[in-house]
Amino acid sequence: MSQTVSRAIDILEFVAREPRTQSQVGAHLGVHRSTALRLLESLTDGGLARRLPDGRYGIGLRLAGLARLAEEQFGLTDVAREHLRGLGARTGHTVHLAALEDDRIVYADKIDPVDGIRLYAEIGRPVTLHTAGVAKAILAHLPPERAAAILAASCDFAPHTATTITDPAAYRAVLDATRARGWAVDDGEYEDYVNCLAAPLRGSGGAVVGAVSVTALKARADLPALEAGVLPDLLSTAATISEELGWRP
């Protein structure tokens, strides 16, 4: 990548977080303010940046339009698919992708292990909110009022196994713990012979748009084994997918 293109990308990511002055951009790039001005003027002429009335620079309307077009071309499943395949191949377990669609969380994709038992999860079907790791990973990172509304509309807290969380207050505590550590657990809460770890996925605006999970038969890998052997790869994969969706830490 040429130095000019690299600097232009750096500027756009910098001013996207908040409008910046010419001097701030120069200091960020480590260049003289006149060099920063030339780059900013070129980006402004192309509509990718714009000069605000107070003299600072922000994202241009043309770039915002291109972002909307890009979102139409690259959906969550399209971006995630190859990364899910890689995660499944490396771990040897089932990988699920869940998407947040309005007030529902649904299974959007699934990668079965080549030589393992295939677990039931029908693509397009709603997730069981109070048991699934992907649901906890998503709900924990939503505004509390939205998470509460989704649960009120679609969750009956019915028992499925001995570890199913059936008390709403206890479930809220689980979401708090999930938010604090950054990943979720399903400890055999829907089917007592499987467990899973799940991590949230974020879009360009930083909001959670879905989650990815690794699900294993307990006989093959219990939760401590998943945390030791799978969790770092799961979190790295979730971060990579989120970055390709436009998220920046």
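R85 and E82 lie three residues apart in helix α5 (residues 76-91), so about one helical turn separates them; helices here are DSSP runs of H or I with at least four residues, strands are runs of E with at least two, and both are numbered from the N terminus. The side chains of these two residues meet in a salt bridge with an N to O distance of 3.3 Å, where the term requires a side-chain nitrogen of Lys or Arg within 4 Å of a carboxyl oxygen of Asp or Glu. R85 is partly exposed at a relative accessible area of 41%, whereas E82, at 55%, counts as exposed; buried means under 20% relative accessible area, exposed means over 50%, and partly exposed lies in between (1.4 Å probe, protein chains only).

The model is a predicted one, in which local features need pLDDT of at least 70 and side-chain atom pairs count only at pLDDT 80 or more, while totals for chains, interfaces and linings use all residues. Residues are numbered from 1 along each chain as its sequence is written, and side-chain values rest on heavy atoms, with hydrogens and water left out.

The structure holds 10 salt bridges in total. One of them joins the side chains of R90 and D233, with 2.7 Å from N to O, and this pair links distant parts of the chain, since R90 belongs to helix α5 and D233 to helix α10, 143 residues apart. R90 counts as exposed at 51% relative accessibility, while D233 is partly exposed, with a relative accessible area of 21%.

Another salt bridge brings together the side chains of R248 and E13, at 3.2 Å from N to O. This pair also links distant parts of the chain, with R248 in the segment after α10 (231-244) and E13 in helix α1, 235 residues apart. R248 has a relative accessible area of 41% and is partly exposed, and E13, at 30% relative accessibility, is likewise counted as partly exposed.

## Packing of helices α1 and α3

Helix α1 (residues 3-17) packs against helix α3 (residues 33-45) at an angle of about 80°, and their axes are 10 Å apart. The axes are lines fitted to C-alpha atoms, for helices over the stretch in contact, and angles run from 0 to 180 degrees between N-to-C directions. The two helices are therefore roughly perpendicular to each other, a label that covers angles of 65 to 115 degrees.

On the α1 side, the contact (heavy atoms within 4.5 Å) is made by T4, R7, A8, I11 and L12, and on the α3 side by T35, L39, L40 and L43. Sorted by class, the contact has six nonpolar, two polar and one charged residues.

Strand β3 (residues 94-101) pairs with β4 in the antiparallel sense over seven bridges, pairing being assigned if DSSP finds at least two bridges between the strands. Within this arrangement, H96 stands opposite K110 in β4. Two residues lie between the strands of the hairpin, where D102 takes a positive phi near 55°.

Seven of the eight residues of β4 (residues 104-111) are buried, so this strand is largely enclosed by the rest of the structure.

T131 sits in the loop between β4 and α6 (133-139), and with a relative accessible area of 1% T131 is buried. Leaving aside residues up to four places away in sequence, T131 touches K136, H160, T164, D186, E189 and Y190.

Terms used
Parallel < 35°, antiparallel > 145°, perpendicular 65-115°, else oblique. Nonpolar A, V, L, I, M, F, W, Y, C, P; charged D, E, K, R; others polar.
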